[in-house]
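Please read it alongside the sequence and the model.

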Amino acid sequence: MLWLRRLLFRDRLHAELEEEIQQHLSERTEALIDSGLTPEDAARKARRAIGNITLATEHSVEVWRWHWLDSLWADFRLAAYQLIKSPGYSLTAILTLAIGIGANAAIFTLVDDAMLRSLPVQRPAELVKIGYKSQATPRTQGFMSLRVMAYLQQHTSSVSDISGWSESMLFVPDDRGTLRSIPGNLVTGNALSTLGLKPYLGRLLTTADNVPGGPEGGWPVVLDYGFWLANYHGDPDVVGKHIRISGQSAIIVGVLPASFGGIFVGDAEKVYMPMYFFSKLASKPSEDPYTNLDNFWVLTIGRLRPGVSLAALNTELAAASPAVLHTLVPPAMLMRPDLRGASLASESASRGFSAIARDYSQTLLLLQGIVSLVLLLCCVNLAGLQLARVQARQHEFAIRAALGAGRFRILQQCLVESLLLATIGSIIAAALAWISTSAIAAFLTPAGSGEATLLRPDARVLLFTTALAVIAALLFGLVPAFLAGRTAPAALLKAKATNQRVNKLRQRLFLPAQFALALVLVFAAGLFTRTLVRLRGNNSGFNPTHVTEVCAQFQSLKKTPTEVAALYRAMTEDLRTRPGIQSASYTWVTPLTGYAPKVVAHTTAHPQEDHSITFNEVGDGYFSTIGTHVLQGREFTQEDRDRTNCVLNQATVRILFPNGAAIGDTLKATYSGDEDNPWVATCRVVGLVEDARYASLREPAPPTVYFPAGAEALARGGYSNNFVFFLRSQTGAEASTAYRATLALFAPDTGYSVFLPLSEQVDQSLGSERLIATLSSAFAGVALLLSAIGLFGVLALRVQQRTPEFGIRIAVGASREHLVGLVLREAMIMVGVGAVIGIVFAMFGSHFVQHFLYEAPPIDFSVVGAATIVLLVVALIAAMLPAIRAAWLEPTRALRNE
């Protein structure tokens, strides 16, 4: 550890050395005095014998110290001094870097969370999802039946353990005693231990917990760390406390560590309970997975045995597939389209299951590309600024070179200054990323879910930010540092000459590069904004303003479908009487969720002409509540309780009743989407409504037939146990207050889910488009600002350097308009070169983002033209001030300065 002592205590060692030398000098002097010399002669002779004490000290210190570290420290102090001395430049550079690095760090946080990060469990690379794949589903589907999972647990040798996972909404009392729904993970007893988790408090679930009816003493429940904080405020004595979950008594047995957020990445706070709890939630035997063992609903997660590869597991599963599937799966199920030709398969589950990764991977990669361009632009801009500083400090570098400083020493000094700027910028960037990540994630996560708040930068992102800072420092600092090291001291010191190479580099390379990058970003922003405007401009066919939706949770009620249907009608009638409620209704499918079920329909007059038509089942008053206009006939009333009446939209009338006379006619609809519950309905058309979009705003309004939402729909079970209430009121608070009161009156034992404005659901359906358009527009603005600053800086310097020339021009009769034109022409040449390069890259790159656009040609010349005009206008504004300054120079003063 001697090197560490020398590094940390250099000053003390230096003092000790000087003291030793002085002691040696004193002893030698005293010895000479003892030999008969006078004190003066003895001191003189002793100093001559020892030599130059200062030089001797320095030579001794050289043995200890590290030259590069000392020079680095000196450069760091000098860099800090230079930055403090130039606050305007320093602030501009730091903010520029903070924007570039911060944007990259924020987007990388989402990319990392969705696509790169492994689950925080023991050896996540060993986790696998076991399921099936077929011709219809080439990727492994992780859901199996309990029967197949039990077989795999006993007979699969490549996997050490296999566990079952499923999700269900559970009810717990909120702070006002009203039941609210929370996500619950119902798992087999070995699920949490298979992941290798260690509890933060208490214990995990065990196999003994997953028994029919639950263990004695109540159902055990393990809390997610976030749920524990939110509901028990971090109480360390929470283990052993009782809680009511979905009407059942449960006891808290443990809390999971904060690092583990579940295998379903991004889910909000949740609880874990034994899988047998499903039997308590089922309202009928067919919904109990332990009664109906054939349903594929269990997500199967296993852990590879040590030394076994995923390929070896797949080989074993493929060999076992024919026997397993044909023995344990009913033949009728194997005829389902998604199971035809199915075989067992597995794939890695190391990163868990993320909805953002599934739905927005391409969006995130596009955004990462955009912010990378922004960072590159920031580096080009800063490189231009650094070049200007090199030019301003060229005499300083010349003097340093003349005094013996080598090229590497000057290069090191410039790079240290760049690295210091990048370090400060990256610290601010990390703070910006921390603040902005959740706001960006809100575009991609379900409104009201709270999922966005869970996404924060972590150590990986900080490491990424640090790497970006180093790269940025090299990108914007290397070329100026290299040029500074190549300074010719003699020429500069004698003639006060300027480094023309620096000037030319800025004008011919950096500025055109800035404007080329800026044009690409402005062009991209124009394309994406135009797409968003087109999508928003589409007539949705309903008015989401002031409409609040809330999903009922009546599946746990021990009531018949007829009784539940009556409950919906009664609650709707009561809601309409509540203060602030203008109208209320309910529906099966809510708009713009991406789901649009279909029936095959034909008119009774033309039974041979079948058409695939979207359908929905809605309550009375639905169209007036959601703001869809009834064009002919009427909408449903309380008396419409089955599928004998129906309402059509315009698109349906156009294909089924081309003559337009649909009211009073009949059609026959056949639904086979649920093989367990197919149905056929013959209905009389009682109304015609305007077209409304259901699956997506990108798609035109589909032909749609509406049926009354009643007992028939509820009796099917499975996909439509519950309807969603729509409440129209001036404020969301009025809607939530009214719903809570009505729920407490009619169904106090059931819970409510999140109250969600329908307008937010519409915005959520445009999550990708809104995010891309918003961020690309913001970054395009930053690009324009940086480019304008760069152009202004170059022109201002050029005007200063050409002051004598302009003075002579004015003296010999040049007009001020001519000088303004001269400066502007020079600016437009630089901008024009950049614009041409940018147009080429923009038009080439537009093909790669075509699938993100809506109703846009591959090459949109109008957007190219608009982007170029915007760029030229910004450049003209930036160039005008230096041009005016050149034109209003005083010729005598300019010549006198020369």
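A search of the whole structure finds 27 aromatic pairs, where rings of Phe, Tyr and Trp (its six-membered ring) pair if their centres lie within 6.5 Å, and planes under 30 degrees apart count as stacked, over 60 as edge-to-face and the rest as tilted. One of them is the stacked pair of Tyr 671 and Trp 679, with 5.5 Å from centre to centre and 25 degrees between the planes. The structure is a predicted model, in which local features need pLDDT of at least 70 and side-chain atom pairs count only at pLDDT 80 or more, whereas totals for chains, interfaces and linings use all residues. Residues are numbered from 1 along each chain as its sequence is written, and side-chain values use heavy atoms, with hydrogens and water left out.

Helices (H or I, at least four residues) and strands (E, at least two) are DSSP runs, numbered from the N terminus. Arg 643 is buried at 7% relative accessibility, and Glu 617 is buried at 0%.

## Salt bridges

The structure holds 16 salt bridges, each defined as a side-chain nitrogen of Lys or Arg within 4 Å of a carboxyl oxygen of Asp or Glu. Among them are the following pairs.

| Salt bridge | N to O distance |
|---|---|
| Asp 235 and Lys 241 | 2.6 Å |
| Asp 574 and Arg 578 | 2.9 Å |

Lys 241 is partly exposed, at 35% relative accessibility. Asp 574 is buried at 15%, while Arg 578 is partly exposed at 22%. Elsewhere, Arg 123, Glu 126 and Arg 303 are linked in a network of salt bridges.

## Nonpolar cores

A nonpolar core is a set of buried Ala, Val, Leu, Ile, Met, Phe, Trp, Tyr and Cys residues joined through side-chain atoms within 4.5 Å. The largest such core has 177 residues, of which Phe 528, Phe 554, Phe 725, Tyr 739 and Leu 791 touch the most other members. Helix H13 (residues 355-392) supplies the largest share of this core, 18 residues. Apart from it lies another core, of 50 residues, among them Val 148, Tyr 225, Val 238 and Ala 342.

Phe 725 and Tyr 739 also belong to a cluster in which ring pairs link Tyr 568, Tyr 586, Phe 723, Phe 725, Tyr 739 and Phe 755. Leaving aside residues up to four places away in sequence, Phe 725 is in contact (heavy atoms within 4.5 Å) with residues including Phe 554, Tyr 568, Met 571, Tyr 586 and Tyr 739.

Met 571 lies in helix H19 (residues 561-576) and is buried, with a relative accessible area of 0%. Beyond four places in sequence, Met 571 touches Phe 554, Phe 725, Tyr 739, Thr 742, Leu 743 and Phe 746. The C-alpha atoms of Met 571 and Tyr 739 are separated by 8.8 Å, although these residues are 168 residues apart along the chain.

## Backbone and overall composition

His 233, in the loop between helix H9 (225-232) and strand S7 (242-245), has a positive phi near 50 degrees without being a glycine. His 233 is exposed, with a relative accessible area of 67%. Ser 246, in the loop between S7 and strand S8 (248-255), likewise has a positive phi, of about 50 degrees, but Ser 246 is buried at 17% relative accessibility.

For the protein chain as a whole, the secondary structure comes to 29 helices and 24 strands. Buried residues make up 50% of its 898 residues.

Note on methods:
Buried < 20%, exposed > 50% of the residue type's maximum accessible area, 1.4 Å probe, protein only.
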